[in-house]
Amino acid sequence: MTTVTPRDITLLRDALGPLRDREQVAARLLESSAKHSFDPDKELDWDAPFEDGKWFWPPELVSLYGTPLWKRMSDEQRMELARHESASLASLGIWFEIILMQLLVRHIYDKPLTSNHVRYALTEIADECRHSMMFARLIQKGGTPAYQVPRAYHNLARVMKTVSTTPGSFAATLLGEEILDWMQRLTFPDERIQPLVRGVTRIHVVEEARHVRYAREELRRQMVTAPRWEQELTRIGCGEAARIFSVCFVNPKVYENVGLDRRAAVAQVRASGHRREVMQTGAKRLTDFLDDIGVLRGAGRRLWQSSGLLA
């Protein structure tokens, strides 16, 4: 029997350097999962009442912050809008995680069943199940509606996840995870925020860090090994996903539910330089990465720019 040593293996490389061994990456992520995973039902105090005067989302991250309409709103109405936007983002998170779980199951369908790579994918699916239940419980506890994405985009996503390429699936995964992760990293240490919301975001940030690492490593590998047609389809699909994501990020019904004119609110959000800066700053780490590995090119890049997530 011939023993294959690491020197015999041609390492894959991209613009960021050599790619790490897939099994070694997964082994480290499995080890981290064993040490730093949480059961939200036991970790968080769901019975504690909400605290008066505390926000459900940082005001600077609320969509209308700094607009003329925001300046006319009372403090109570601003806090109520933050509560509904928090629920809208939690609803969006559930939608994305359900899509992600389907994409991960499809990704590992033909992979070696006992590999670390498959084991970690299954571990991540278990994480996402807990996250979705955690977000749903937070929405219910907060007393707001669950804000589903518009039916047209719900059905469009059904098509996109069916025809998505493997690299497209991981690019969409990062889109759904990294912008919300940036916002949540600002939320969980913020003492102005409700303790339960801080606890939910802390759990999500810790566990999502592993998911981002897994998706980034695999996307790099896929963009190096995929045929040219698949790379191009990935660029376009990722750009369209960014456009949908930006449209669905906050459900416009939140404005109606706090007594605001929906059309006026949406128009002011679109015109808001602060909001544009927030979204582009939240996406910058991701867009820099996607640019480095060749995803943000051609028509795909133009779609990202039309989404408002890329300058």
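Mentor: Start with helix α8, which has a kink of about 30 degrees centred on Glu208. This is a predicted model: local features need pLDDT of at least 70, side-chain atom pairs count only at pLDDT 80 or more, and totals for chains, interfaces and linings use all residues. Residues are numbered from 1 along each chain as its sequence is written, and side-chain values use heavy atoms, leaving out hydrogens and water.

Trainee: How does the reach of α8 compare with the expected span?

Mentor: The expected span is 1.5 Å times one less than the number of residues. For α8 that gives 45 Å, and the helix reaches 45 Å from its first C-alpha to its last.

Trainee: Why is α8 called largely enclosed?

Mentor: Because 23 of its 31 residues are buried. Buried means under 20% relative accessible area, exposed means over 50%, and partly exposed is in between (1.4 Å probe, protein chains only).

Trainee: Is Leu196 buried or exposed?

Mentor: Leu196, in helix α8, has a relative accessible area of 9%, so it is buried. Its contacts (heavy atoms within 4.5 Å) include Leu44, Trp46 and Phe50, not counting residues up to four places away in sequence.

Trainee: Why are Trp55 and Trp70 called stacked?

Mentor: Rings of Phe, Tyr and Trp (its six-membered ring) pair if their centres lie within 6.5 Å; planes under 30 degrees apart are stacked, over 60 edge-to-face, the rest tilted. Trp55 and Trp70 are 6.4 Å centre to centre with 25 degrees between the planes, so the pair is stacked. Trp55 lies in the loop between α2 and α3, and Trp70 in helix α3, so the pair ties together parts 15 residues apart in sequence.

Trainee: How many disulfides are there?

Mentor: The search finds 0 disulfides. A disulfide needs two cysteine sulfur atoms within 2.5 Å. The sulfur of Cys238 is 15 Å from the closest cysteine sulfur, in Cys248, so it is too far for a bond.

How values were computed
Helices (H or I, at least four residues) and strands (E, at least two) are DSSP runs, numbered from the N terminus. The bend at a residue is the angle between axes fitted to the seven residues ending there and the seven starting there.
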